[in-house]
Amino acid sequence: MSAEPQPTSDVIGLTKVAPFSRRGFMTASAAVTAGYTLAAGPVRADVIKTDTSGLTAGDAMIKVSDGEMPGYFARPAGVSNPPVVLVAMEIFGLHEYIKDVTRRLAKLGAFAVAPDYYFRKGDLTKIADMPQLLPIVNSKPDAELLSDLDSTVAWAKSQGGDTSRLGIIGFCRGGRTVWEYAAHSSSLKAGAAFYGPLVDPPNPVWPKSPTQLAGDMKAPVIGLYGEADTGIPVATVEAFKTALAANKKTAEFKIYPAAPHGFHADYRPSYRKDAAEDAWAQMQAWFRKYGVLS
């Protein structure tokens, strides 16, 4: 008999969150209407909503090796050559939180693009249960993922983005993507990984975990982690930090006391306002330091 597949550390962190009261949460139908995915669980009523004033924002079709990949972009209106920031989503698809983050980055002056790199398997925002979702996201080959991100960069450049000032930001599974892309792309200037898994369960389509790629990092990355993340122990973060230092790679880590996995996700019960706001400020400072944001 084959063994049960091991849950990835981001999923453990997502599913083991402290109990919460239903007060202050949208109904499921309101959450879907607002553009959130049901698989992520209950959605907080006071989510952050970023408008498009001063921005050009909308859907994109990005040419990839085998067709066209949907995406969402936001950029400052009337600004030429804005820096490009890729937004790597969680396992829930291209839903409203990721779109809102894209608009927040555009308000900082970036041409931000969130590619829907799971599109070949359908629209993940329509899948309501984790057991159905996990085999899909876990079957995404790293090689294809990295190629999709490269295609997104090429698209942004074709639209007038300044890819000599390229950044990437990602959350949860997207945080892992940040580390993987930093080991892959020689044109990346900086990355910010929010609670991205650092050690993978065995998976043939993921040849190397971020920790195994410590010696290959080509860009400085800031890692933003929660001390109370049940899936990514602080010891794992510390071990990775040591491996990066041993390889003389530029990286910084901030571990937020008592913060769970998903502390930046303002639509989830895991949201921790103080940690989220500080991490967002750390990301901006990092991107300014390394020339992504001016």
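Modeller: Start at Ser270: its side chain reaches the backbone oxygen of Gly262 at 2.8 Å. A polar contact here is a pair of N or O atoms within 3.5 Å; within protein, one must be able to donate a hydrogen and the other to accept it, and residues adjacent in sequence count only if both atoms are side-chain atoms.
Colleague: Which other backbone oxygen does the Ser270 side chain reach?
Modeller: That of His261, at 3.5 Å.
Colleague: Is Ser270 buried or exposed?
Modeller: Buried, with a relative accessible area of 1%. Buried means under 20%, exposed over 50%, partly exposed in between, with a 1.4 Å probe and protein chains only. Ser270 sits in the loop between β8 and α8 (273-289). Helices (H or I, at least four residues) and strands (E, at least two) are DSSP runs, numbered from the N terminus.
Colleague: Before I go on, what are the ground rules?
Modeller: This is a predicted model, where local features need pLDDT of at least 70, side-chain atom pairs count only at pLDDT 80 or more, and totals for chains, interfaces and linings use all residues. Residues are numbered from 1 along each chain as its sequence is written, and side-chain values use heavy atoms, with hydrogens and water left out.
Colleague: New topic. How many aromatic pairs are there?
Modeller: A search of the whole structure gives 16. Rings of Phe, Tyr and Trp (its six-membered ring) pair if their centres lie within 6.5 Å; planes under 30 degrees apart are stacked, over 60 edge-to-face, the rest tilted. One of them is Trp179 with Phe240: centres 4.7 Å apart, planes at 85°, so edge-to-face.
Colleague: Where do Trp179 and Phe240 sit?
Modeller: Trp179 is in helix α6 and Phe240 in helix α7 (residues 234-246), 61 residues apart. Trp179 is buried at 1%, and Phe240 is buried at 0%.
Colleague: What about Tyr195 and Phe263?
Modeller: Edge-to-face, 5.0 Å centre to centre, 70° between the planes. Tyr195 lies in the loop between β6 and β7 and Phe263 in the loop between β8 and α8, so the pair ties together parts 68 residues apart in sequence. Tyr195 and Phe263 are both buried. They belong to one aromatic cluster, with members including Tyr36, Tyr97 and Tyr267.
Colleague: Now the sheet. What is the strand order?
Modeller: β1-β2-β4-β3-β5-β6-β7-β8, an open sheet with mixed pairing. Two strands pair if DSSP finds at least two bridges between them. The edge strands are β1 (55-64) and β8 (251-256).
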